[in-house]
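Let's take a look at this one together. Have the sequence and the 3D view ready.

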Amino acid sequence: MIQLKGIYKWVENKSARTFILKDVNLSVKEGEFISIMGPSGSGKSTLLNLIGMLDVFDEGAYSFNGQPVHELKEKQRTNLYKQHIGFIFQAYHLIDELTVYENIETPLLYQDVKPSERKARVADMLDRFQIVGKKDLFPEQLSGGQQQLVGIARALVARPQLLLADEPTGNLNSKQGEEIMQLFKQLNQEEGITIIQVTHSEKNAGYGSRIIHLLDGRIEKKD
Ligand code: ADP
Ligand code: ADP
């Protein structure tokens with residue numbers, strides 16, 4: 001599903017070039033559940049954002065479902081991302097001015113989904129995450145755990161093939177965090193959704209089927 005070959009990303013200031021990612025090579029097969037670990041500043045978020053097409057790189061090749069992402073125009077890349085990828089953030093990134101219902105509905109507005117189908121899909125999500133009673137509330141009226149459930153519902157409503165999550169439990173207590181990890185496991189094992197998460201927690205990383213360690217922008221080799 002994903003192939004990264006010789007990916008470099010850097011920032012230039014004056015004459016110096018600082019590398020954020022260095023020669024990253026990674027293949028991800030459909031159905032995998034991968035955890036990315038590494039110290040703060042090692043490039044985890046940058047790598048996840050690249051995979052999610054939210055950020056670009058300076059050198060290398062990225063193929064997603066056989067399509068060369070590095071060769072696509074921005075609009076094509078955006079379409080590809082919106083069709084296939086759901087993104088979950090540590091700080092939820094919900095839209096403050098929209099209700100729970102409207103936040104979850106957002107990704108469907110970018111797709112060719114009929115209003116009746118949109119309604120049914122959002123209702124499904126509200127039901128699944130037991131937040132039907134919260135549908136007309138605004139994000140600030142919810143607890144952190146509830147906001148993250150809305151974030152997850154929004155990421156899943158368009159039925160993505162790939163779910164990307166950057167420290168999804170970072171702002172949650174341990175019980176809420178564990179529930180989210182159980183949910184990820186279920187999504188991966190029962191619904192076949194491919195998942196890549198960034199985490200600082202060994203325990204959370206253990207829910208996945210493979211762990212990738214980043215250090216100074218490089219994937220560490222295991223022997
Ligand atoms: P983490 O992934 O460690 O939880 P972040 O991804 O928010 O944290 O940021 C990691 C580091 O990268 C921080 O020191 C932050 O200041 C820095 N950083 C993130 N984005 C940018 C940016 N666009 N420009 C400069 N520095 C950034
Ligand atoms: P992590 O998620 O592992 O904490 P990040 O991917 O956020 O790491 O950042 C990796 C490094 O790249 C950090 O040193 C950060 O400060 C730097 N960085 C990230 N984005 C930018 C940016 N847009 N401009 C300058 N530096 C950045």
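What follows covers a ligand site and then a helix.

This is a predicted model, in which local features need pLDDT of at least 70, side-chain atom pairs count only at pLDDT 80 or more, and totals for chains, interfaces and linings use all residues. Residues are numbered from 1 along each chain as its sequence is written, and side-chain values use heavy atoms, with hydrogens and water left out.

Start with ligand 2. Its shell (residues with a heavy atom within 4 Å of it) is made up of V11, I20, P39, S40, G41, S42, G43, K44, S45 and T46. Sorted by class, that gives 3 nonpolar, 6 polar and 1 charged residues, with Gly counted among the polar ones. Helix α1 (residues 44–51) supplies the largest share of the shell, 3 residues.

Here are some polar contacts, meaning pairs of N or O atoms within 3.5 Å:

| Residue | Its N or O atom is in the | Distance to an oxygen atom of ligand 2 |
|---|---|---|
| G41 | backbone | 2.7 Å |
| S42 | backbone | 3.1 Å |
| T46 | side chain | 2.5 Å |

On its own, ligand 2 has 560 Å² of accessible area (Shrake-Rupley method, 1.4 Å probe), and the protein covers 52% of that.

Now for helix α2, residues 74–84 (helices are DSSP runs of H or I, at least four residues). Which of its residues are buried, that is, under 20% relative accessible area with a 1.4 Å probe? They are R77, L80, Y81 and H84. Looking down the axis of α2, these buried residues fall within an arc of 95 degrees (taken from the directions from the helix axis to the C-beta atoms), so they line one face of the helix. Their cover includes the strands (DSSP runs of E, at least two residues) β4 (59–64), β5 (67–68), β6 (85–88) and β7 (162–166).

Technical notes
Chains lettered and ligands numbered in written order. Buried < 20%, exposed > 50% of the residue type's maximum accessible area, 1.4 Å probe, protein only. Contact = heavy atoms within 4.5 Å. Polar contact = N/O pair within 3.5 Å; in protein donor to acceptor, adjacent residues only side chain to side chain.
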